[in-house]
Amino acid sequence: MFGERYFATRERLGEVVNGILSIAKATGVDTAHRMSQDVLDQGLATPFLFVVCGEVNAGKSTLLNSLFGQQICKVNILPETDRVIWYKYGPERKDVSVTDVLLEHYVPIEFLKDFNLVDTPGTNSIEKTHQGISERFMPVADLLLFVFPVSNPWGAATWDFLCRQPDEILDRVVFILQQADQREPEDIPVILDHLRHLAMKRIGRIPPVFAVSGKMAFEAKLSLPFSEGKRRNSGIIEIEDFISKSVCDSPSRKKMLHSLYLAASRVMQDVEDRIEDHARIIERDGRFLEEMEREIDAMRVQVIRRNSQSLGGTGEAFQLEAREVAKILKNRMGIGKSITRLITGEDTAQLMEGLIQDRLRGSVEDVSSQDFAELIRLCCDHWEALRSKVKNAMGIEIETVAEIEQRLIASQGRFVKRMGRESSQGIGNLRVRVVLDIALRQRNAMLKGFLIVGLLMMIGAGVCGALSVPLAPWILLGLSAMSILILFFLTMQSGKEIVSEYRERLLNSGDTFVSALRGQYEEGLRLFFQDYALGLEAVRKHLAKQKQQLAPRLERWNGLFLGLKAIEQELT
Ligand SMILES: Nc1nc2c(ncn2[C@@H]2O[C@H](COP(=O)(O)OP(=O)(O)OP(=O)(O)O)[C@@H](O)[C@H]2O)c(=O)[nH]1
Ligand SMILES: [Mg+2]
């Protein structure tokens, strides 16, 4: 079809414009003031308008049919077209009578989307129609094909009609000498010369002039196989080339495309501004998020520094419990209990460890729980302020203080349990039980020795007494009593030593115990603040979503920009 280059450019522009409109919508850019529906329709959808004029039976309808290779207009040997017929695209064939001299004829033929045809009755037929044609179609027609029959191209009516047209309309006039097959080929140039001459005389200019046999051209296009030779001989090729060139070079069309191109460029600029704004907002929000994360981290560091030195009072608790347990040990080291355990068995070391573990575990758990209760209060206050900051800066809602508090309470529970567990293990690692166990075993071995000696002496005294050995029972009884006295003395003495050694060892282990717990305490704090910072997850997600949207938009914008640039070159 005609003007393929123009339509290709227009189609590409249409695609780019659609892309621009969709990216504008996605980025929230208002396009209405830049690219109204009128500009869009004008630039992308206005069909070319071809108007044919000429005398009755000049071959106007045949010319249109031959140009488009289809039987669109009715052709008759008798005067056929009695009113102006406007051929347009419609999904189904229908006629709409606009006035008694204008009929709209809708046909489902694709090329009518791009080309509207206006077929007119003969200039020498009904005079009033010409007034209508002049007013309605001449000013907007892209091409005005004036058809002259080869048999008589001098018909006064057509020339009179031409003479009434202003210059801007004459600019778009083309002369077609129709039915050329009815004359000898050598006559045609002569008639064309006459036509040019007359044009100069009547309208002061010579429009482009072509000779054609519409009938031949039409037959050539419909014939099977397609008859290229007949088509060339018909003279239609020159007209087609001329029309194609007119379509491609049409200043008004270029202007329409250009205004659409300019409007599209402005929208692109708006979209670019919006994307840049978006990128700036993302960057700013990213910094804001980093700031908040740093703030939370600084809180963590500060809390660790403040609490881990004393480990929130764990050191004092340890000292207190060590003294208490030493007192209990002292109580167990009494003569009666110690001698009883020589017979019943020694479980003091294990008992002491269990005792200190239980007492310290409770104490560590209490201290941890208190520390974290205070932390939760601190974090809740901090979150309240942070929440309104986020709302103001980014316009999004994050977790409520109650939600954060709930999570931190769960975190506190985990931490307290962990610290209790670690404190038990810490006591075990101090090895106080092993040392106590060894000391008690040595003591018991020694005491047992004296106890056995004392008892053996006593038995010996009994035996000697029974055998009436003189003096021996008294001597043995004396020795037995001495052994028992030494046993009592040693029990007291060693008990005191063990208790004091145990006490010292325990008190000196305080620092080791606390520093063993410190790592766990800090880890607990890290996990606690990690749980706290989870509250910012909504901000991170929001940012990630924004970034995710930005990248493809930027890519799409670049693609559209290049597309628009390529079209700019075609338009210049
Ligand atoms: N030999 C020959 N006859 C043609 C040619 N073009 C048209 N005719 C004939 O001329 C007559 C009129 O053709 P139309 O195309 O209807 O002419 P028109 O100008 O549309 O006529 P109106 O609509 O009545 O004004 C018909 O009989 C056609 O067959 C041609 O190129 N060569
Ligand atoms: Mg006709």
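**Close-up views of a predicted model**

View 1. In strand S4, Leu102 is the bridge partner of Val84. This is a predicted model, in which local features need pLDDT of at least 70 and side-chain atom pairs count only at pLDDT 80 or more, while totals for chains, interfaces and linings use all residues. Residues are numbered from 1 along each chain as its sequence is written, and chains are lettered from A and ligands numbered from 1 in the order in which they are written. Strand S2, residues 84-89, and strand S4, residues 102-107, run in the parallel sense and pair over six bridges; strands are DSSP runs of E with at least two residues, helices are runs of H or I with at least four, and both are numbered from the N terminus. Two strands pair if DSSP finds at least two bridges between them.

**View 2. The open sheet has eight strands with mixed pairing.** Read across the sheet, the strands follow the order S3-S4-S2-S5-S1-S6-S7-S8. Strand S3 (94-99) and strand S8 (209-211) stand at the edges and have a single partner strand each, so one side of each is left without a neighbour in the sheet. From one strand to the next, the twist averages 20 degrees.

**View 3. Strand S6 is mostly covered.** Seven of the seven residues of S6, which spans residues 143-149, are buried (20 or more other C-beta atoms lie within 10 Å of the residue's own). Both faces of S6 are covered, with Leu143, Leu145, Val147 and Pro149 buried on one side and Leu144, Phe146 and Phe148 buried on the other. In a regular strand the side chains alternate between the two faces of the sheet. Strand S1 (residues 48-54) pairs with S6 in the parallel sense over five bridges, and here Cys53 stands opposite Phe146 of S6. Strand S7 (residues 173-178) also pairs with S6 in the parallel sense, over six bridges, and Leu145 stands opposite Val174 of S7.

**View 4. Helices H14 and H15 are roughly antiparallel to each other.** The axes of helix H14 (residues 348-394) and helix H15 (residues 401-429) come within 8 Å and cross at roughly 155 degrees, and the two helices are therefore roughly antiparallel (an angle over 145 degrees).

**View 5. Helix H19 spans residues 537-571.** At 1.5 Å a residue, the 35 residues of H19 should span 51 Å, and the end C-alpha atoms are 50 Å apart, which agrees. Val539, Leu560, Leu564 and Ile567 are buried in H19.

Note on methods:
Axes are lines fitted to C-alpha atoms, for helices over the stretch in contact, and angles run from 0 to 180 degrees between N-to-C directions. The expected span of a helix is 1.5 Å times one less than its number of residues. A residue is buried if 20 or more other C-beta atoms lie within 10 Å of its own, exposed if 12 or fewer, and partly exposed in between; C-beta atoms are placed from the backbone. Angles under 35 degrees count as roughly parallel, over 145 as roughly antiparallel, 65 to 115 as roughly perpendicular and the rest as oblique.
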